[in-house]
Amino acid sequence: MIIISGQPGTGKTTIGKYFSRYFDISFLDKDIICDDFTFYIMKNLFNKDNDKDSKEYKENVRDLEYLTFKKILKSQLELEVSFVAVAPFTKEVNKENEYFDELYNLAELHGYDIYFIYLVSNTEE
């Protein structure tokens, strides 16, 4: 299992797709999975565009996206399907956050290694 994290524009999706093709494993992108229901919620409940910097998104939708994504990752581990998972994981990479604990335990139970990659970009070009 490969988890790729980083801020927008750092190449998470590009690198994730490369690894997916190279290792012939599934590619799971939080935005692809969640954007449709996020857009629907933001538009119909808050009359807002899909603005992921908005207060409404951060307080009402963001955690639902990550919970949904985690359930999908767990199901893949339980099925013993290798994958690349791509998302910013900005709150989840915090050391005190327990988001990854269950995934690590499940991966260990099924004999998987987890590789975590955090991407940064050089904006001084």
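I checked Thr38 first: it is buried, at a relative accessible area of 0% (buried is under 20%, exposed over 50%, partly exposed in between, with a 1.4 Å probe and protein chains only). This is a predicted model, so I note that local features need pLDDT of at least 70, side-chain atom pairs count only at pLDDT 80 or more, and totals for chains, interfaces and linings use all residues. Residues are numbered from 1 along each chain as its sequence is written, and side-chain values use heavy atoms, without hydrogens and water.

I placed Thr38 in helix 2, residues 30–46 (helices are DSSP runs of H or I, at least four residues; strands are runs of E, at least two; both are numbered from the N terminus). Leaving aside neighbours within four places in sequence, Thr38 is in contact with Asn50, Tyr57, Val61 and Glu65 (contact means heavy atoms within 4.5 Å).

Next, the cores. The largest nonpolar core has 18 residues, and Phe69, Leu77 and Phe89 have the most contacts inside it (such a core is a set of buried Ala, Val, Leu, Ile, Met, Phe, Trp, Tyr and Cys residues joined through side-chain atoms within 4.5 Å). Helix 4 (62–78), strand 3 (83–86) and helix 5 (101–109) each supply at least two of its residues. Helix 4 gives the most, with four. I then found a second, separate core of seven residues, including Ile4, Phe19, Val84 and Leu119.

Last, the chain after strand 4 (115–119). Val120 lies in that segment. Val120 counts as exposed, at 65% relative accessibility.
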